[in-house]
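Below is a colleague's note for someone meeting this structure for the first time. Please keep the sequence and the model at hand while reading the numbered points.

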Amino acid sequence: MAQTRSSRSNRNFFYILGSFNILMLLQNANCYELKVGGSGDWSVPMDANANTYNQWAERSRFQIGDTLSFNYSPDKDSVLLVNKADFDNCNTASPLEKYSDGHSVVKLNHSGPYYFISGVHDNCVKNQKLHLVVMADRSNNKTGASSPPPSPSADDVPPSPAPSGEEAPSPPTNPTPAPSQESSPPSPPKNGASSIVMSFVGSTAAFVGSSILLGF
């Protein structure tokens, strides 16, 4: 009896572990690790007059949950997350965040602009700096915008006046409207399936957890 209960507990444990792994995979399915500049190398551009990193950012699309990978020599450089004023002036004195491990992975956890500069002032002056914009999460937008007014139907348009001396034509009777074909329902957003699966996984995990408690 004790062996049966132990076997059932082990099986339930693997169910929970599998459900947790599936949930983590779903959460990270649309997130990417992007190498800064395309190669990940964080150094002074060969052409100091070119905004190499900003040009790369303009060609890329950044979403919430993506990460940036910076590679550099930790004894010679670092990565600073700063505000716009410090970005423009290459001010390294008061960063919002500092990374100096040589292989820094920075997560983009909100929409809007991000400003990165080298921890070495002279390098920043030589355009070792990066400005990017993370796109807003479209799935959370509220649909409260007012829709354009509908165009008037043929029944609402008054008939044109008849020429002088002619009798005005009688208004046409309304024909029985033909049943219109139902429009196909709008396709769900991209993350609709993921939300359903995640909800199912969460429910499954809760069910399995309850089964474990009942088994003891």
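1. Ser111 counts as partly exposed because its relative accessibility is 36%, where buried means under 20% relative accessible area, exposed over 50%, and partly exposed in between, with a 1.4 Å probe and protein chains only. The residue sits in the loop between β5 and β6, and, leaving aside neighbours within four places in sequence, Ser111 is in contact (heavy atoms within 4.5 Å) with Ile64, Val134, Met135 and Ala136. Ser111 and Gly65 are 46 residues apart in sequence, yet their C-alpha atoms are 9.6 Å apart in space.

2. A word on the basis of these points: this is a predicted model, in which local features need pLDDT of at least 70 and side-chain atom pairs count only at pLDDT 80 or more, while totals for chains, interfaces and linings use all residues. Residues are numbered from 1 along each chain as its sequence is written, and side-chain values use heavy atoms, with hydrogens and water left out.

3. Helices (H or I, at least four residues) and strands (E, at least two) are DSSP runs numbered from the N terminus, and two strands pair if DSSP finds at least two bridges between them. Strand β6 (residues 112–118) pairs with β7 over 6 bridges in the antiparallel sense, and Tyr115 has His131 of β7 as its bridge partner.

4. Another open sheet is made of 3 strands in the order β1-β2-β5, with mixed pairing. Here β1 (33–35) and β5 (103–107) are the edge strands, each with a single partner, so one side of each lacks a neighbour in the sheet. The parallel pair of β1 and β2 (residues 67–71) is joined by 3 bridges, and Glu33 stands opposite Thr67 in β2.

5. Which residues have the most contacts inside the largest nonpolar core? They are Trp42, Phe62, Leu68, Phe70, Phe116, Leu130 and Leu132, in a core of 19 residues; such a core is a set of buried Ala, Val, Leu, Ile, Met, Phe, Trp, Tyr and Cys residues joined through side-chain atoms within 4.5 Å. At least two residues of this core come from each of α2, β2, β3 (79–82), β6 and β7. Apart from it lies another core, of 7 residues, which includes Leu80, Phe87, Cys90 and Tyr115.

6. Asn54, in helix α2 (residues 52–58), counts as buried because its relative accessibility is 15%. Not counting residues up to four places away in sequence, Asn54 touches Phe87, Lys129, Leu130 and His131.

7. The whole structure holds 1 disulfide, a pair of cysteine sulfur atoms within 2.5 Å. Cys90 and Cys124 form this link, with their sulfur atoms 2.2 Å apart, and the angle of -80 degrees about the S-S bond makes it left-handed. Cys90 lies in the loop between α3 (84–89) and β4, and Cys124 in helix α4 (residues 121–125), so the pair ties together parts that are 34 residues apart in sequence. Both Cys90 and Cys124 are buried.
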